[in-house]
Amino acid sequence: MKKTAYPLVAGAAALALVMTGCSSNGKGGPTQVEGNVNRTASVTIGADEFLGYNGLTPTIYSSANSLVVDRMMPGFGYYSANGEWKHGTPLGDYEMVSENPLTVKYTFNDDAKYQGGEPITCEDAYMDWVSQNPKWIMDGQAAAGSDEPLFNHVSSPDTYADGVPEGPQCNAGDRSFTITYAAPNPDWQLVVSGPLPSHVVAKKIGISKKELFEALKNKDFATAKKAAEFWNNWNSPTPGQLPSAEDAPSFGPYTLKEGGWEAGQYITMVPNPDWWGEKPGLDELVIRFIPPEGQVQALANQNVNVIEPQATKDTLDALNGTQGVTVLEGNTMIWEHFDFNFKPGSIFANDKGGLALRQAMAYCIPRQQIVDSLIKPLNANAEVLNSREYFPDNPEYKEVVAASYNGEYDKVDIEKAKAKVAESGIANPVVRIGYNQPNQRRSDEVALVTSSCAQAGITVQDVGAQGFMAPGGGYESGDFDMVLFAWSGSGQIVSGANIYKSNGGQNQTGYNNATVDTEWDKVSSSLDPKVQKEAKKVIEKELWNDLFGIPLFTHPGIAAYTTGMENVERNVTQSGIAWNAEKWSWGSAPAKAE
C-alpha cells in the first residue's frame, strides 16, 4: 500500500458545484421536497481538479483523485473512522490459509461485476499484479535498454509483484484466486485491492479478456507493452471531458454522471445501476473544487454540504459561528514536512550545495515557531514532529526518536546555519520552495522560513503555485529545491518504503541510500514488530543524517457539514471525510443560512 499526498498538501482536492434535477434553494444546497428530502449533497476537500480514472499512477494518486475514484472502486477491506482495518466488503473477502509460506485466498462476491455487466474474475486480479511490474516485466524492460517500470504504477515492484513472484493462482473465469508470498509481509492484508477492469484493457489492444490473461501468464512482453501504453494513460487529459462508462466502468456504489464534469467547478456522481450492494443514500453526490479559504463561506451559503478544510483557528472560529452547521474535530494521521530535492539542477544536489547546505536550512527553519503560531491555537498539546514513521501518540515514538535523532535541529541556530552555508561553497544561495496554492497556512510557513533563513544569508523564493503537485506541475518536473506538503497515512507498516527506497514509486526527489534500502527490506520481510521497530530506528537515523527532509507537525483535523445530513463522520486516516460517502443521506431538511 501507499501513502497519500494529503489534499491540502501534495495533491489538493477537488471541489464541485452541484447541478441537479431536483428542487434547489438557489444556493446550491438541498431543500425540503414534498413528503421527502432532496437526495443530493455536495462535498469538497480542496481545489484540485479530478485527474482520471486510473488513480494508481504516481502523479494522479492523491486524496483529491481518490475522493472520486474510491466511490467507484472498493477493495476487500477499509479503514474505519478510528483507523481500525476491517475486511469483508461487497467486493469480497480473504482469508489466510497458511502462515508458512504466507498464503492468502481471495474470493469475489458471486454478484460482483463492472458497470455494464462484465463479471469481476481472476483475470482482473492477475492484470492488477502484472501492472505492478513483476520480474519478467522488468527483465523485458532491461532487454529493451530501460530500467524504468513498464507500468507507471505508484507501488514499487518489491511489495506485491516481487513479493508474490508467481502471481495470483487461478484460471480464467474463476471467482477466487490465491497468492503465496516469498517472504512474510507485515502489511499482507493491505497488498491486494480492487482490480481495474482487464476487459477494457484487452478491448483497447484488440484482444479478448481471456487472451490478455493467457498472454500475461505466458510472459508475453509485447502484449504487456501494448497493455501498459493504455494503462498508463487511462486518465482524463482534458478537464471536463469524462470517459465513457464503457472505458471507465465503476464497480462501486457510485459512478460518474454523463456530462457531469465542469472543469474547475465540480464533478457529479450518481448511483451505479449495476451495483450489487446496498444502494447509496443519495441520488447525486457532487464533488466540488473549492480552495480551503472559500469552503466555510460555501458551507454557510449551502453551496456545499460537507467540507474538510485546512484546520486553522480562523476556520474553526468561523465554523463555530455559522448557523445550521455541525462541526467535527479530532486528530489525524497526516503530517507536514519539507523535502529536499537531490536531483541534478537543485541547489541541494550532492554535486552542488549538498549536505552542508541542507544542514544550513535545517538550522534556520523555525520549526517550533511554526508549531506555536500556526498549530497550537488549534491543539494546545501540539509539538514538533521528529519522526516520519511514528506519531507522538504511538508508544514507540519516544524510543525511536531517542535512537535516531539528537535534537540537533530543534532550535534555530543562525550561526551554525551561516557556517554551513560557507562550508557548502554556495555564495548567496537561493532556495525555491514549492507547494500547492492557494493555501494560506503553507504560505505562512514559507514566510516564517524566509524571514529566519534570511539571517543566515539564504534567500528563499516562494514558488508555490496552483497545480504545483498535479501532473505536469513543478513537483513532477523537479522545478524546486524544497517542497512543502504532507503525507496522509493509516498505520501501514511498509508504506514508507515506497517513499524512501531508491526505487520507490513515490520517491520523487532522487534520494538514494543503500542502508535505507536494506533496512526497508528487513521491515518488509518480517512479521515481528521488534524487527520492524529496530530497522525503522536505523532508517530514521539515516534520514536525519542525510536530511532527506524536515518533519514539522501532525495536522489537527476539522470537518463540518450541513445539519440534517446523516452518517457524516471523520476518519483519522487518509480515507478522509468521504470514507463512507455512500451512507450519507438526509434525515431532515437542511437548516437555512441566516
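## A three-stranded sheet

In what order do the three strands of the open sheet lie? The order is β7-β8-β9, and the pairing is antiparallel. Strands are DSSP runs of E, at least two residues long; helices are runs of H or I, at least four long; both are numbered from the N terminus. Two strands pair if DSSP finds at least two bridges between them. The edge strands are β7 (92–99) and β9 (176–180), and each pairs on one side only. From one strand to the next, the twist averages 20°, with axes fitted to C-alpha atoms and angles from 0 to 180 degrees between N-to-C directions.

Seven bridges join β7 to β8 (residues 102–108). Serine 98 has threonine 103, in β8, as its bridge partner.

## About the model

This is a predicted model: local features need pLDDT of at least 70, side-chain atom pairs count only at pLDDT 80 or more, and totals for chains, interfaces and linings use all residues. Residues are numbered from 1 along each chain as its sequence is written, and side-chain values use heavy atoms, without hydrogens and water.

## Helix α10

Helix α10 covers residues 367–375. Its buried residues (under 20% relative accessible area, 1.4 Å probe, protein chains only) are Arg367, Ile370, Val371, Leu374 and Ile375. Seen down the axis of α10, they fall within an arc of 100°, so they line one face of the helix. The arc is taken from the directions between the helix axis and the C-beta atoms. These buried residues pack against α13 (440–454), α17 (529–546) and β18 (549–562).

## The whole protein

The protein has 17 helices and 20 strands. Buried residues make up 58% of its 594 residues.

Key. Buried means under 20% relative accessible area, exposed over 50%, partly exposed in between (1.4 Å probe, protein chains only). Contact means heavy atoms within 4.5 Å.
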